[in-house]
Amino acid sequence: MRFLAVCCFLLAAVATAGETRHVLVLYSSHRLLPANLEAEGGLRETIANSTELSAEFLDYPRFEGESYVRILMTFLREKYALRPPAVLVVGGEEALAFLLDHRAQFFPTVPVVHMGVTRSFLRSIPPLPADVVGVPIEYDFSGTIEQALRWHPRARRLVVVTGAASWDREFEARLRGEVSRFQDRATAEFLAGLPTGAVLKRLGELGDDAVVFTPGYFQDGEGRMFAPREAARIMAAAATAPVYGPFNTFLGTGIVGGSMPSFAAMGRQAGLIVNELLDGAAPAAPRLPVIMPTALNVDWRQVRRWGIDENAIPGDAVVHFKALTFLEEHRKEAIIAAAVFLFQAGLITVLLVERRRRRRAELSVRNHRFELAHASRLAMAGGLTGAIAHEINQPLGAILSNADAAELILESGADRRDELREILADIRRDDLRASEVIRRLRALLARHEVERQPFDLNAAASDVAAVLCAEAQRRRVTLEIQPATTAAMLVGDRIQIQQVLLNLVLNALDAVADAPEDRRTVVVSVESDANRIAIAVRDRGHGIAPEHLPQLFDSFFSTKRQGMGLGLSIARTLVEAHGGRIWAEPGPGDGAVFQVEFPAAGATSLPSPGPA
Amino acid sequence: MSAAPLIHVVEDDESLRVALLRLLGAAGFEARGYASAGDFLLQPPPDRPGCLLLDVRLPGPSGLDLQAALRRQGVALPVIFLTGYADVTASVRAMKAGAVDFLAKPVERAALFDALQRALARDAAQRAAREEAERLRARFAALTPRERAIFEGIVAGKPNKRIGDELAIAERTVKLQRAQLMVKLGAGSAAELGRLAERLQHLSE
């Protein structure tokens, strides 16, 4: 653009271009203007580090006039006389013009690279000498305005703001020519050369039917000087309508965007040419692009602010200030994190599923155990058939015989009423006796829902003894029950506990089967104190081999020829389901003692003691 | 000797024992109850016709034990077993040991009385046989040694002449004493004498 210009003076110059090659950049405008800073950044990026870069500027349009130019030129020539540049770079049209005007006195043989010069300017001057080369630039006012109108379809007003400096007036003139293209779309209003305050007030009153375009300005109607970028910033801040501009240095000031060349790219392009010249290429040789490309630049924050349809942003637009989403910013980390997370989640899921499956399996094992417990009760009952039949058939036999006797007495015709009455009483008593046996067996054998009820272990043990006394008698074994002196209240399933007892007592009966007469005794004792309720089943039989003790309660462990090896395993399951434990130890002297121990039910939480 | 049979009931279950005694009494039998094998053995049965109604399962010695003990002691009372649960092993053992029957409780009256009839019949037969053998033994004991030797010769099928030669007596003396011992033994013919000899042989075994 025009704010730049370069001169290279070259005196006899070339000669001393010794080890450190020297490049002199001359800007039209102040070196610290954003556009110049960007361009110089591009230059330095491209030019080798060993190359020394000097920068000067005309400070146009703040300073101008013939004498100023002459003095400046003299100053620069003297300044660089002893360190002549190998290449001159001019930034801006004024700098190019300055150089062309004074080339004869200012390093005439040093090749010149121009940047920031518009094509229209080049057309307006005589053809450049062969050793003055560069890629022209173009500021796309119309493209920017067109884009603005496209993004704001409701806009009917196009407000164009320009300044009062000579450059500003040139922009104004050019713009007045270009806006006519949009007259059927929007009415153009120029705020040209007004005091900044007036401009801002006007901009602050705009509605959503307006869009603003401005190249910024160097000077306002009151003579205040601005960097165009700063002018754009205050305008964007004040405007109640979207503001567009043609320079990429405006991005970030609050403007929406525009079709813009890149000053940094311009600097890099110039740097490339400089490099080639320094390497000794003939100035005409580089094949150069016809023009610096422009690109649609847009500030994402403004897109959001003004509600521009995101889909209307072309794919090749350069979007600035779009806060990258977490994914965009840390894609790799995100992928890794996501992978780790997914893996963990998967792992957790698998573990949960496993756990669930295991719990289900455990539950089903538990259920099966209870099923098995029931089956095992039935099996035990099967083994007791003889004893059970005996117990039931005794009273039945008595009933039948009594009935027969009564019948015979009646047939005899004798008056023996008292005897008949006695017989009937006996029949009733025996009937009840038989049904009691059946009730006990039913209670023990019926499939039932597992209960948790308080019950007295003493009563439970007595019931088991009643069921087993016939069997014990059949086997000629004395079965002795020693109940606890106080109620032994346990909360749980009475039948399951009775099954445990039944199992232990039957085992004990087996154990003493071959013992001599005086040792054929099985003692079941119940003890109850504040902390525990314990049952012990003692026998004086063959005892347990020490090596069998650890496996005793394992499934399918049996030392009996016909044993399935499930009884004690089931017993342990049932005991543990009641929070108790079961173990075996050698009896005092001989035989074995099976101990079952339960934590005492909190006496306070139980109903007053008494059999359930 | 009283002809009325006496039935012994050994049953530990009191109510059943009482019921059975009642039934037997109502049917006109004389019966006596015992709670265990020991009780029965402590009161030796009077020498009367009768039988034993015996529970298999008893506290202490079982019914089967009692049966064996009675056999050893030569008490020939027929035994009817009662059982609460007909287990095959026990019934086979009991029948082999000569039980009249093996009845499952509850016992039907008809079955019980039928078994009782058979038991009493067997007892009567046994008694009759025993009495006859006694008679025979007494008669045989009345023979003189010479008559007993001649009897053995006759039973062995030897002719009178040979018996006389062996005993160094005349054949006529053999004939005379033969007629005498037939009268003493109550036998009408030589064939009858042979049968008597067989039975005597049987008794002495």
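This is a predicted model: local features need pLDDT of at least 70, side-chain atom pairs count only at pLDDT 80 or more; totals for chains, interfaces and linings use all residues.

**Entry 1: helices on a mixed sheet**

I began with helix H15 (residues 457-474) of chain A, which lies across E14, strand E16 (521-528) and E17 of chain A. Its direction is at about 170° to E14(A). Then I looked up helix H16 (residues 494-511) of chain A, and this one lies across E14, E16, E17, E18 and E19 of chain A. I get about 25° between H16(A) and E17(A).

The sheet under discussion is open, has five strands and goes E14-E16-E17-E19-E18 (chain A), with mixed pairing. Which strands stand at the edges? They are strand E14 (478-482) and strand E18 (581-586) of chain A; each has a single partner strand, so one side of each has no neighbour in the sheet. From one strand to the next, the twist averages 15°.

I picked one pair to check by residue. Strand E17 (residues 532-539) and strand E19 (residues 592-599) of chain A pair in the antiparallel sense, over eight bridges. Within that pair, Ala536(A) is opposite Gln595(A) of E19(A).

**Entry 2: the parallel sheet**

Another open sheet of five strands runs E2-E1-E3-E4-E5 in chain A, and the pairing is parallel. Strand E2 (52-57) and strand E5 (132-134) of chain A are its edge strands, each pairing on one side only. I noted an average twist of 25° from one strand to the next.

Strand E3 (residues 87-91) and strand E4 (residues 112-115) of chain A are a parallel pair with four bridges. I traced one of the partners: Leu88(A) has Val112(A) as its bridge partner in E4(A).

The peptide bond joining Tyr60(A) and Pro61(A) is cis, with omega at about 0°. Asp59(A) has phi near 60°, positive although the residue is not glycine. Is Asp59(A) buried or exposed? Its relative accessibility is 8%, so Asp59(A) counts as buried.

Phe107(A) is another non-glycine residue with positive phi, near 45°. I find Phe107(A) in the loop between helix H3 (93-102) and E4 of chain A. Phe107(A) counts as buried because its relative accessibility is 0%.

Chain B gave me a cis bond too, from Lys105(B) to Pro106(B), with omega near -5°. Pro106(B) is in the loop between strand E5 (101-104) and H5 of chain B.

**Entry 3: where the chains meet**

On to the interface. 29 residues of chain A contact 25 residues of chain B. The area buried between the two chains is about 2200 Å², with 53% from carbon and sulfur atoms. On the chain A side, His390(A), Gln394(A) and Leu408(A) lose the most area to chain B, together 23% of what that side buries.

How many salt bridges are there between chain A and chain B? I count six salt bridges. I looked at a salt bridge between Arg109(B) and Glu407(A), whose closest N and O atoms are 2.5 Å apart. Arg109(B) sits in helix H5 (residues 109-142) of chain B. With the cut-off for buried at under 20%, Arg109(B) counts as buried because its relative accessibility is 19%. Beyond its sequence neighbours up to four places away, Arg109(B) touches Asp404(A), Glu407(A), Leu408(A) and Leu23(B).

I also checked Arg433(A), in helix H14 (residues 417-445) of chain A. At a relative accessible area of 29%, Arg433(A) is partly exposed. Leaving out neighbours within four places in sequence, its contacts are Gln394(A), Pro395(A), Asp13(B) and Ser15(B).

**Entry 4: chain A totals**

Chain A has 17 helices and 19 strands. Of its 612 residues, 49% are buried. Among chain A contacts with a separation of 6 or more, 73% come from residues 24 or more positions apart. The accessible surface of chain A is about 29700 Å², and 55% of that belongs to carbon and sulfur atoms.

Conventions:
Residues are numbered from 1 along each chain as its sequence is written. Chains are lettered from A and ligands numbered from 1 in the order in which they are written. Side-chain values use heavy atoms; hydrogens and water are left out. Helices (H or I, at least four residues) and strands (E, at least two) are DSSP runs, numbered from the N terminus. Buried means under 20% relative accessible area, exposed over 50%, partly exposed in between (1.4 Å probe, protein chains only). Contact means heavy atoms within 4.5 Å. Accessible areas come from the Shrake-Rupley method with a 1.4 Å probe; for residues, only the protein chains shown count as cover. Two strands pair if DSSP finds at least two bridges between them. Axes are lines fitted to C-alpha atoms, for helices over the stretch in contact, and angles run from 0 to 180 degrees between N-to-C directions. Buried area is the accessible area (1.4 Å probe) that two parts lose on being put together, summed over both. A salt bridge is a side-chain nitrogen of Lys or Arg within 4 Å of a carboxyl oxygen of Asp or Glu.
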